[in-house]
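Dear colleague,

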Amino acid sequence: MRVLSGIQSSGRLHLGNYLGAMKQHIELQNEHECFFFIANYHSLTTVQDPPLLRQYTHDVALDYLALGLDPNKVNLFRQSDVPEVTELAWILSTVTGKGLLERATSYKDKVAKDIPASMGLFSYPLLMAADILIYRSDLVPVGKDQVQHIEMAQDMAVHFNTTFGREVLKRPEPKLNDALVVPGIDGQKMSKSYGNAINLFDPPADTKKRIMSIKTDSKPVADPKDPETCSVFALYRLMGLPEEVAALRERYTRGGMGYGEAKTLLAEVVERVLGPARVRRTKLAADPDYVEDVLTTAGRRARAVAREVMADVRDACGIVTAKGTHG
Ligand code: TYM
């Protein structure tokens with residue numbers, strides 16, 4: 001079983017990225033062959049500041065490694081170390097109807113949030129499909145917001161195979177965990193671009209401040225509270241131990257506990273999970289050569305797989321190139 005997923009290097013990573021995606025990736029590394037990459041070509045749709053893009057790209061690698069991704073078990077690499085994905089994205093665009101891309105809710109959301117509607121933003125799902133299909137991936141662990149993109153990749157794989165009459169591309173399946181949509185401090189989906197994120201590696205005091213500012217209703221301390229509609233509880237449920245979650249649920253429904261206390265408990269659990277990772281991250285940050293070596297080595301392995309699949313893709317659609325053009 002081949003597992004693949006990507007994360008954009010378009011800003012600091014947050015609890016939504018960790019709980020929805022990275023946590024699954026770290027768990028899956030012990031069971032399957034894994035390809036996890038930093039989607040820096042995708043990030044160009046929103047970050048057009050070269051030093052910042054370089055920094056964010058390095059930071060995603062640091063975050064992944066600090067959280068427990070083991071480079072001896074998985075391939076952690078940069079999207080741009082496999083330039084063949086952009087070639088496959090083009091080829092897929094020739095067998096994909098414009099209407100399919102027009103239905104992408106993520107594109108519509110981004111444009112509604114005033115992100116410029118570039119062709120790159122519009123064709124984002126084509127590059128994402130290429131990322132997935134170029135490794136003949138079986139499983140794509142992501143948060144719920146990415147499922148529609150994976151369904152598009154399924155359509156594109158089937159359409160390519162039908163058009164050229166050969167089973168060249170594999171139809172991938174999305175994989176979700178219990179953190180389908182992690183809420184931000186305003187109760188909406190936590191997102192880098194919505195200003196509502198709790199970042200993974202801010203200084204602990206800033207993280208606590210962010211947690212204390214999570215929006216709740218205004219029920220007085222004495223009243224029973226509904227854990228199911230509270231963002232503080234939603235985050236606690238994803239990070240606490242089962243017995244801790246059960247105890248907090250009981251305190252919500254019994255009444256007599258203020259939201260301030262629930263937020264303090266959440267801040268403790270968040271620090272328990274992220275504290276040790278922060279220490280590892282500081283050590284890794286002091287050794288950029290090691291991180292570069294991890295990315296380069298895995299990028300070569302990923303590219304070797306991509307080259308083989310692309311040779312089949314070109315052959316299937318009749319694209320001829322001079323010997324040696326593709327290594
Ligand atoms: P990106 O960088 O926006 O997010 C990375 C991962 O984090 C998940 N995620 C969330 N999950 C639950 N709740 C949230 N609030 C939340 N916010 C983010 C996302 O679902 C994602 O899994 N298009 C992808 C990057 C990508 C990719 C790919 C992924 C490019 N090519 C190929 C898989 C396969 C993206 O924008 O992720």
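Tyr64 is buried, with a relative accessible area of 0%, where buried means under 20%, exposed means over 50% and partly exposed means in between, calculated with a 1.4 Å probe on protein chains only. Please keep in mind that this is a predicted model, in which local features need pLDDT of at least 70 and side-chain atom pairs count only at pLDDT 80 or more, while totals for chains, interfaces and linings use all residues. Residues are numbered from 1 along each chain as its sequence is written, and side-chain values use heavy atoms, with hydrogens and water left out.

The structure holds nine aromatic pairs; rings of Phe, Tyr and Trp (its six-membered ring) pair if their centres lie within 6.5 Å, and planes under 30 degrees apart count as stacked, over 60 as edge-to-face and the rest as tilted. One of these is Phe36 with Tyr64, whose ring centres are 6.2 Å apart and whose planes meet at 25 degrees, so the pair is stacked. Because Phe36 lies in strand S2 (residues 33-39) and Tyr64 in helix H3 (residues 50-67), this pair ties together parts that are 28 residues apart in sequence; helices (H or I, at least four residues) and strands (E, at least two) are DSSP runs, numbered from the N terminus. Phe36, at 0% relative accessibility, also counts as buried.

The rings of Phe160 and Phe164 have centres 4.9 Å apart and planes at 55 degrees, so that pair is tilted. Both residues lie in helix H9 (residues 147-164), four residues apart, about one turn of the helix.
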